[in-house]
Amino acid sequence: MKHKFEAGTPACPVACKYCFITEHDARRELWNTNPIAGLNRASTFINVTPWIADSPEEQERFYRFPFEILKGDFAGFTAVTDPFWPKLDRFLWHFLETVSPIAKLVTCVTKWPIKREVMRKLAKVPNFFLVVGITGNHPSVEKITVRQHLETLALAKEEGVPALPISHPYIAGLSDLSFLPELHRLGYREFDVKGLRYCDERMRSWMPADSRTRYVGREDEE
């Protein structure tokens with residue numbers, strides 16, 4: 001069965017309303033070619049689609065991928081959905097068990113609440129680094145709350161998993177970073193901020209008018 005990313009496709013369980021993977025015309029066209037490896041600046045992400053569990057063809061492509069080419073690389077698991085979505089569990093752990101011994105670093109960028117038993121498994125993965133997207137955006141914009149992200153980051157500290165909190169995207173006039181003192185209390189001394197990639201008319205349903213004025217252009221313009 002063929003699948004395509006269409007505008008509004010539920011391609012990720014977090015379902016952030018600002019996500020541009022399925023909304024951005026050029027990026028949607030790219031992902032519909034179904035690449036298994038995606039270059040993201042200095043990192044190589046091994047991508048699995050949300051429907052890989054139902055596609056023997058995609059599973060074969062994933063398992064037959066020459067992971068040895070990632071030796072010495074910064075490598076991540078899937079940039080097209082959340083890596084900790086439970087339906088992707090076996091593919092995530094195959095990636096980590098295969099790539100972590102040879103990579104300089106393996107990473108997952110997530111907004112998914114991570115359970116303690118999963119965090120304990122991550123603590124045993126060599127060269128693993130967790131990136132947690134804690135944006136300060138309202139639950140009406142993204143499903144996972146700031147409190148859940150703080151719990152994930154606290155758990156990472158408790159279980160000894162190196163982690164970086166990142167506000168991505170920071171949306172002018174909308175994102176609330178009042179959780180920063182709590183991050184400091186948890187022992188985090190570094191925090192990354194990335195801005196919104198683009199803004200167009202489809203965002204009127206959730207972005208305040210005052211915030212929209214901060215952004216110009218659409219598609220590939222920022």
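Mentor: What follows starts with a pair of helices, moves on to the core and ends with some backbone details.

This is a predicted model, in which local features need pLDDT of at least 70 and side-chain atom pairs count only at pLDDT 80 or more, while totals for chains, interfaces and linings use all residues. Residues are numbered from 1 along each chain as its sequence is written, and side-chain values use heavy atoms, leaving out hydrogens and water.

Let us begin with helix H2 (residues 56-63) and H3, whose axes come within 11 Å and cross at roughly 15 degrees. H2 is therefore roughly parallel to H3. Axes here are lines fitted to C-alpha atoms, for helices over the stretch in contact, and angles run from 0 to 180 degrees between N-to-C directions; under 35 degrees counts as roughly parallel. Helices (H or I, at least four residues) and strands (E, at least two) are DSSP runs, numbered from the N terminus. On the H2 side, Gln59, Phe62 and Tyr63 make the contact, and on the H3 side Arg90, Phe91, His94 and Phe95, contact meaning heavy atoms within 4.5 Å. These residues divide into four nonpolar, two polar and one charged; Ala, Val, Leu, Ile, Met, Phe, Trp, Tyr, Cys and Pro count as nonpolar, Asp, Glu, Lys and Arg as charged, and the others, Gly among them, as polar.

The largest nonpolar core has 40 residues, and Phe62, Phe95, Leu96, Val106, Phe128 and Leu130 touch the most other members. Such a core is a set of buried Ala, Val, Leu, Ile, Met, Phe, Trp, Tyr and Cys residues joined through side-chain atoms within 4.5 Å. H3 contributes most to this core, with six residues.

Thr78 sits in the loop between strand E3 (74-77) and helix H3 (89-99). Its phi is near 55 degrees, a positive value in a residue other than glycine. Thr78 is buried, at 3% relative accessible area, where buried means under 20%, exposed over 50% and partly exposed in between (1.4 Å probe, protein chains only). Asn127, also not a glycine, has a positive phi of about 60 degrees, but counts as partly exposed at 36%.

Notes:
Angles under 35 degrees count as roughly parallel, over 145 as roughly antiparallel, 65 to 115 as roughly perpendicular and the rest as oblique.
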